[in-house]
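Student: I am new to this model and would like to go through it piece by piece. Please show it first.

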Amino acid sequence: MAVSACNTNPFLQEWDTPYGIPPFDKIKVSHYIPAIKAGIAEQQAEIDAIVANEEAPTFENTIAPLELSGRTLAKVIGVMYNVSETDRSDALDAVVEESIPLTSAHENNMSFNKALYERIAAVYNGDQSNLTREQQMVLKKHFEAFEREGIGLPEEKQARLREINEAIASKTQKIGNNILAESNAFKDKFGFSVSAYPEKMTSTADRALRKEYYEAYTTRGHHGNENDNALLMVEVIRLRQEKARLLGFENSASYTLSNKMAADPATVDSFLRGILKASTAKACEEIADMQKIMDEDVAAGVLPAGSKIEPWDWWYYAEKVRKVKYDLDDEEVRPYFHMDSVRNGIFVCAKQLYGVNMEKLEGVPAYNKDCVTTWKVSADDGSLIGIFTTDYLPRDSKRGGAWMNNIRDQYVDAAGNDVRPIIVNVGNLSEYMNVDDVQTVFHEFGHALHGLLTKCHYPSVSGTSVTRDFVETFSQFNENWAFQPELLAKYARNDKGEVIPASLVEKINNSLKFNQGFMTTELAAASMLDLVWHETMIPEDIATREQATEFIDKLEADLAKSIALNPEITYRYRTTYFNHIFCSGYNTGYYGYLWSEVLDRDAFSIFEASPDGPFDLTLAKKFKETFLERGGSEEPMTLYKEFAGREPDSKAFLVGRGLL
Ligand SMILES: [Zn+2]
């Protein structure tokens, strides 16, 4: 009977679909949990077999089977998270919730498996000279993952570590719920969601109302009500510090950074301060431009004499400056950027740069037949690169934002077959796009190319499996092509087939540097806030909400002073609603966007310096072979120096953002 029950669950069968695309039409909500349980049992048995091997540990008998273990679980998880974010239902939400304790218990069992660790450590501490560079990186990744979870600690410290992990998990869960509740309360009060805040601040002429929006937005989680996050956050920081100390690090920031490209807090600190020095100065110029327009409003009697730009004025007056300086109107742009044209644009660009061919697949399974389009990606020699799916339009069942996701990672299986990846790009974009939307499409396709073009052997380092401060390099890098006149001529056409006029292209390109003093400052300031929190030891006597509130306010104010933050600018996220660093794994990681951008701007400057410009095919080939094919199989800085012939330089970043 057990066999026939298995046979009806598509996750427990071989997929005979084209290219092994998940049989979405056959997968029912009731299939996930049994498949997860079966997948966990399968991986546990695979690990038991590795541990039971009586031969001396080697890469081939320990790490290689570990890398290939858990394939069923990976299949289920890949599908479940993709569908739950793009096409959610209450039933599926319940399944995801039910799965979390199962998978986290399984992960705990693996990360505290001493016998497995000892085999890995034996390989790691042994002679590695016969291993490929990729194998060394994979080995290091597994070894460090164990060390970083405290496998080497004495029993009682390990027990404390587990307590800390559980306490952090439950407190951050509560923090996330509080932020959601506060954001919902904001929406109930004002009639628009927090994601529409910039848009509303830009279009609202009533200054008192803008101030009301601003104050409500920037004090979420800080209202002294049941959704207040102050004490919870201070407690989470305290626990993270304790964890870092237990593991032998000075603080949480140095623990998190020790396996990142940036490596230590001092490096991130001076990196961000360097940016802030330039961006806050640029912001002063932007304030002066805005003040001129505000003065006109004063002269016209709209505002009282002596009115000065305040934080709630920024978006509104910046938009006025933009109209005057760049004369760019979204509505003028949209007709040339129909969703299909823009998608054609990313494809034409990738074909030219990397020899990537896209062929639309009809009749293959899809998780949402109306909105999802699937493409076969192949190289010029006809070999399969992977499967690519786009899902750009918003719908109620999809979460906000835009992202790339792997439904299947690339790897080489036990029989030596190169399993090619299945990659999704998801967005909430307009059918006729504005400049931001177009950039988003190029950005997410940059991640997709990183996921697709990979030529690794082991799944844990293939594709986008690189450090958080490196991964955005490839998405942001691809954005550089979005508005290249040569490419626009090929894809940006209106419904009559007319190509976008050169004058409009010029306006778009000029406007890309607009308001970057502000944008860079609020982003870099929030990154500093993240860093400083994870360097800060919370005094023992802080135990009440009032004390926590005072501590947070003082820390934010002291930091603002120390980075000379313009009083007209606020951290992009203040502490009590900084979801990324408490709930989304971006702790001491928020700087990663800027760090990656320094790399991608610098890499692009090498193209710009070439006589062939952005379409220098020799450079594109080198970029593909050095970065896109190699995932995390080598240290990021080594790859970078291989490509650029030197270390990255932040000059191109500063010039690109108009800060120099
Ligand atoms: Zn990204």
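Student: Which strand and which helix each supply at least two residues of the lining of the second largest pocket?

Tutor: This is a predicted model, in which local features need pLDDT of at least 70 and side-chain atom pairs pLDDT 80 or more, while totals for chains, interfaces and linings use all residues. Residues are numbered from 1 along each chain as its sequence is written, and side-chain values use heavy atoms, without hydrogens and water. A pocket is an open set of points on a 1 Å grid with protein on both sides within 12 Å along at least five of seven lines, and lining residues have an atom within 4 Å of a point. Among DSSP runs (helices H or I, at least four residues; strands E, at least two; numbered from the N terminus), those that each supply at least two lining residues here are strand S3 (384–391) and H25.

Student: Which helix gives the most to the lining of the second largest cavity?

Tutor: A cavity is a set of points where a 1.4 Å probe fits but cannot get out. The second largest cavity holds about 50 Å³ of space, and Tyr354, Gly446, Leu449, Phe474, Phe477, Asn478, Phe623 and Leu628 line it. At least two lining residues come from each of H17, helix H18 (468–479) and helix H25 (617–628). With 3 residues, the one that gives the most is H18.

Student: Which residues are the protein donors of the zinc ion?

Tutor: Donors are N, O and S atoms within 2.8 Å of the metal (3.2 Å for Na, K and Ca), and sites may look incomplete since water is not among the atoms. In sequence, the donor residues are spaced H-x3-H-x24-E. Lying 2.1 Å from the zinc ion, they are His443 (NE2), His447 (NE2) and Glu472 (OE).

Student: Are His443 and His447 buried or exposed?

Tutor: The two histidines both lie in helix H17, 4 residues apart, about one turn of the helix. Buried means under 20% relative accessible area with a 1.4 Å probe on protein chains only, exposed over 50%, and partly exposed in between. His443 has 13% and His447 has 8%, so both count as buried.

Student: Why do the buried residues of H20 line one face of the helix?

Tutor: In helix H20 (residues 502–511), the buried residues are Leu504, Val505, Lys507, Ile508 and Ser511. Seen down the axis of H20, they line one face because they fall within an arc, taken from the directions from the helix axis to the C-beta atoms, of 160°.

Student: Which exposed residues sit on the face of H20 turned away from its buried side?

Tutor: The cover over the buried residues of H20 includes helix H14 (314–326), helix H15 (330–333), helix H17 (435–452) and helix H19 (485–491). The face turned away carries Ala502 and Glu506.

Student: With which residues is Glu226 in contact, leaving aside its neighbours within four places in sequence?

Tutor: Glu226 lies in the loop between helix H10 (207–217) and helix H11 (230–246), and it counts as exposed at 63% relative accessibility. Its C-alpha atom is separated by 9.9 Å from that of Glu182, 44 residues apart along the chain. Taking contact as heavy atoms within 4.5 Å, the partners of Glu226 are Lys174 and Asn178.

Notes:
Points joined across faces, edges and corners; volume = space filled by probe spheres on them.
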